[in-house]
Amino acid sequence: MKVGVPTEVKPDEYRVALTPAGVRELSDTGHEVYVQSGAGDGSAIPDDAYAAQGAQIVADAAELFGVAELIVKVKEPQPPEVSMLEPRHTLFTYLHLAADSTLTRGLMASGATCIAYETVEDTRGRLPLLAPMSEVAGKIATQAGAFMLEKPLGGRGILLGGVPGVAAANVMIIGGGVVGMNAAFIALGMEATVYVYDRNIDRLRELDIAFGGRADTCFASTLEVEQRLPYMDLVIGAVLVHGARAPRVITRAQLGLMKQQAVLVDVSIDQGGCFETSRPTTHSDPTYEVDGIAHYCVTNMPGAVPITSTYALTNATIPYVVHLASAGVVGAITENPGLKLGVNVAGGQVTYVPVAEAVGVAYVAVDDALGVAA
Ligand SMILES: NC(=O)c1ccc[n+]([C@@H]2O[C@H](COP(=O)([O-])OP(=O)(O)OC[C@H]3O[C@@H](n4cnc5c(N)ncnc54)[C@H](O)[C@@H]3O)[C@@H](O)[C@H]2O)c1
């Protein structure tokens with residue numbers, strides 16, 4: 001198969017979807033790899049490094065989309081990319097469609113088969129292609145929050161870990177999955193006082209063991225969140241319902257309960273945001289204030305640390321890319337039901353229930369959309 005890797009065009013996105021190691025895996029299994037010139041620059045991977053492993057370097061996105069059958073990306077396609085997609089293409093990337101009806105309709109109109117990293121599941125129902133970026137984003141969330149709490153940046157002016165004789169800052173993390181656990185570990189490492197909220201009791205049990213008593217685990221009822229909010233310096237939102245728009249966990253009215261110049265970091269912003277007052281921001285302009293509370297809502301947090309993120313992402317994606325290239329979409333999703341759950345759009349239809357519900361279009365089963373005989 002002809003596999004194409006374009007340069008990411010989302011603002012402040014420096015990751016790339018394939019490393020030279022991935023090119024090597026694909027070349028060794030008989031596939032042709034095309035990499036847009038400069039695609040790896042942001043991750044310090046020059047064109048030559050790809051070419052040395054057998055990739056062909058193409059000049060621009062138009063040429064790449066023209067030649068490739070399987071297009072592997074990092075972030076959701078931007079409008080010029082959507083306009084280059086055709087029914088013969090398979091797109092494999094993060095999509096986050098439940099929060100973006102315009103993109104969903106654009107992909108439907110393209111006729112391409114669009115597989116979302118974030119809804120692919122493993123045999124235990126986990127999200128193997130979201131997890132590595134959630135690990136990165138969780139760690140950045142606490143770093144960013146700590147920085148924003150500094151007075152010159154508009155924060156309260158409190159040091160996350162305190163000092164002897166002065167109490168540490170209080171950190172609330174809502175959603176104790178991969179993002180939440182990683183955010184908590186960094187906050188604990190910085191010696192903050194940490195509370196992790198989740199609605200899944202089994203998950204709270206796992207976290208309790210992982211933290212060894214160093215952080216409190218709490219059930220995320222509306223009342224319990226509300227009762228602790230007035231004491232918090234930093235709140236990190238990290239909830240997820242697989243594939244769906246993020247549930248709202250803090251309303252605008254509840255901001256009034258918080259200390260002035262406290263900080264909110266909404267990691268769930270890529271799924272539409274879990275605070276009522278969240279709106280997407282970029283690394284170049286990451287924050288804004290609502291009712292005296294600073295908000296950080298960057299949709300591609302791992303994009304800021306591409307030297308880490310590109311490798312963490314591609315370590316996880318490459319087996320799926322090789323499988324898709326070798327077996328084709330229908331073969332690969334038949335052999336791997338977890339990969340089938342990644343197909344969000346195919347044959348002009350939405351093939352993932354939470355996206356169909358969020359966007360308000362009909363759901364069509366993947367097999368029907370792809371015309372696979374039962
Ligand atoms: N902004 C970014 O750059 C970036 C990067 C990576 C991940 N993310 C996003 O971060 C979010 C979390 O990802 P993850 O990998 O940690 O997911 P996850 O599935 O591992 O964890 C989500 C947790 O949220 C909990 N939850 C669901 N509804 C809840 C509620 N109402 N109250 C409390 N807890 C609730 C779940 O029980 C689960 O434990 C996702 O939206 C993901 O897309 C964003």
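Let's start at Glu-8, which is buried, with a relative accessible area of 8% (buried means under 20% relative accessible area, exposed over 50%, and partly exposed in between, using a 1.4 Å probe and protein chains only). This is a predicted model, where local features need pLDDT of at least 70 and side-chain atom pairs count only at pLDDT 80 or more, while totals for chains, interfaces and linings use all residues. Residues are numbered from 1 along each chain as its sequence is written, and side-chain values use heavy atoms, with hydrogens and water left out.

Glu-8 sits in the loop between strand 1 and helix 1 (helices, H or I with at least four residues, and strands, E with at least two, are DSSP runs numbered from the N terminus). What does the side chain of Glu-8 reach at 3.1 Å? That would be the backbone nitrogen of Lys-75. A polar atom of the Glu-8 side chain also lies 2.8 Å from the backbone nitrogen of Val-74. Both are polar contacts (pairs of N or O atoms within 3.5 Å; within protein, one must be able to donate a hydrogen and the other to accept it, and residues adjacent in sequence count only if both atoms are side-chain atoms).

Now step back to strand 1 itself. Strand 1 (residues 2-5) runs parallel to strand 2 (residues 32-36), and 4 bridges join them (two strands pair if DSSP finds at least two bridges between them). Val-3 stands opposite Val-33 in strand 2. To get from strand 1 to strand 2, the chain passes through helix 1 (residues 20-28), and this β-α-β crossover is right-handed (with the strands pointing away from the viewer, the path from the first strand over the helix to the second runs clockwise). Strand 1 is also joined by 2 bridges to strand 4 (residues 70-72), again running parallel, and here Gly-4 stands opposite Ile-71.

Next, the aromatics. A search of the whole structure finds 3 aromatic pairs (rings of Phe, Tyr and Trp, the last by its six-membered ring, pair if their centres lie within 6.5 Å; planes under 30 degrees apart count as stacked, over 60 as edge-to-face and the rest as tilted). One of them is Phe-92 with Tyr-117, edge-to-face at 4.8 Å centre to centre and 85° between the planes. Phe-92 lies in strand 5 (residues 90-93) and Tyr-117 in the loop between strand 6 (113-116) and helix 6 (131-148), so this pair ties together parts that are 25 residues apart in sequence. Tyr-117 is buried, with a relative accessible area of 0%. The rings of Tyr-94 and Tyr-117 are edge-to-face too, because their centres are 4.9 Å apart and their planes are at 85°. Phe-92, Tyr-94 and Tyr-117 form one aromatic cluster.

Strand 7 runs parallel to strand 8 (residues 193-198), with 5 bridges, and to strand 10 (residues 234-237), with 4 bridges. Ile-174 stands opposite Tyr-197 in strand 8, and its bridge partner in strand 10 is Gly-237. Strand 7, helix 7 (residues 178-189) and strand 8 make a right-handed β-α-β unit.

A backbone N or O atom of Val-178 lies 3.0 Å from an oxygen atom of the ligand, and a polar backbone atom of Leu-240 is 3.3 Å from a ligand oxygen atom. A nitrogen atom of the ligand is 3.1 Å from a polar backbone atom of Val-267.
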